[in-house]
Amino acid sequence: TNENGCVFSDTLSLTVNSLPELDLVSDTTLCFGTDLLLNAGADFEAISWVSENRRDVGNQRALIYRVTENDRIYLSVTNENGCAYSDTTNVVVSRLPVLNITGENEICDGDIVQLSVAGIFDSVNWISANTGLINSNEFTINVSPENSDEFTILGFTDFGCIDSTKFDMRVNQLPAVDAGDDVLACKALELTLGSDLNDPSLTYN
């Protein structure tokens, strides 16, 4: 209404654009070396992945992030309407087993040898290349392979992380011995003759 009492009105339309919807993975714990799929969930006008430890990670909608240390990952996006949004996820790394094998790696056929595993793990499996699984969850085993063999030791943590190591064992064959055919022999006898050996009337054959 102005000073002359005239009245006028107008309208203004206001459109509220929605913020981008993100589908970022929740906080997670993974084994060392695991590949984590990071996916923004949609094609945005702008995407930025930033790692607290590695800084700029990439600007793709989806990418593979190899987990090697505890980290925090930031995702920032902008949609076609210019609206921006961001989210974060925390990644915790669980250690892999550590396996150290001791034992003789060269033996003779028929020998029985002891193999032992030490390190950081919760359970183990012993696998022979020749015979397959030979033992489960024993830290020390006795083996007597007939031929050279490769042993794989799988280590497990309670969280579910797995690692392995190998142990090669060479088996030397025993020498071939041939003493010839069996022989039948008479046992030598020792006789004592009671006559006078100087008696000329006695004859010995």
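**Ground rules**

I am working on a predicted model, where local features need pLDDT of at least 70, side-chain atom pairs count only at pLDDT 80 or more, and totals for chains, interfaces and linings use all residues. Residues are numbered from 1 along each chain as its sequence is written, and side-chain values use heavy atoms, with hydrogens and water left out.

**Disulfide**

I found one disulfide in the structure. The term covers a pair of cysteine sulfur atoms within 2.5 Å. In general, such a link is a covalent bond between the sulfur atoms of two cysteines. Here C31 and C161 form it, with their sulfur atoms 2.0 Å apart. The pair links distant parts of the chain, 130 residues apart. C31 sits in strand β1 (residues 28-31), C161 in the loop between β14 and β15. Strands here are DSSP E runs of at least two residues, numbered from the N terminus.

I then checked burial. Buried means under 20% relative accessible area, exposed over 50%, partly exposed in between, with a 1.4 Å probe and protein chains only. C31 is buried at 14%. C161 is buried at 0%. I also looked up C83 and C6. C83 counts as buried at 16%, while C6 is partly exposed at 47%.

**Cores**

Which residues have the most contacts inside the largest nonpolar core? I noted L115, V117, I153 and M169, in a core of 16 residues. Such a core is a set of buried Ala, Val, Leu, Ile, Met, Phe, Trp, Tyr and Cys residues joined through side-chain atoms within 4.5 Å. Six strands each supply at least two of its residues: β8 (98-102), β10 (113-120), β11 (123-128), β13 (140-143), β14 (149-156) and β15 (162-172). Apart from this core lies another, of 15 residues, among them I47, Y65, L75 and V91.

I listed the neighbours of M169, leaving out residues up to four places away in sequence. They include I107, V113, L115, V143, S148 and F151. Contact means heavy atoms within 4.5 Å.

**S148**

I followed S148 next. It is found in the loop between β13 and β14. At 40% relative accessibility, S148 counts as partly exposed. Beyond four places in sequence, S148 is in contact with N130, M169, R170 and V171. The side chain of S148 reaches the backbone nitrogen of V171 at 3.0 Å. From S148 to I107 I read 9.1 Å, C-alpha to C-alpha, across 41 residues of sequence.

**Sheet**

In what order do the three strands of the open sheet lie? The order is β8-β10-β13, with antiparallel pairing. Strands pair if DSSP finds at least two bridges between them. β8 and β13 stand at the edges with a single partner strand each, so one side of each is left without a neighbour in the sheet. The twist averages 25° from one strand to the next. The axes are lines fitted to C-alpha atoms, with angles from 0 to 180 degrees between N-to-C directions. Four bridges join β10 to β13. S116 has T140 in β13 as its bridge partner.

**Positive phi**

R55 has phi near 65° without being a glycine. R55 lies in strand β4 (residues 55-58) and is exposed at 58%. N137 also has a positive phi, about 65°, and is not a glycine. N137 is in the loop between β12 (132-136) and β13, partly exposed at 40%.

Technical notes
Polar contact = N/O pair within 3.5 Å; in protein donor to acceptor, adjacent residues only side chain to side chain.
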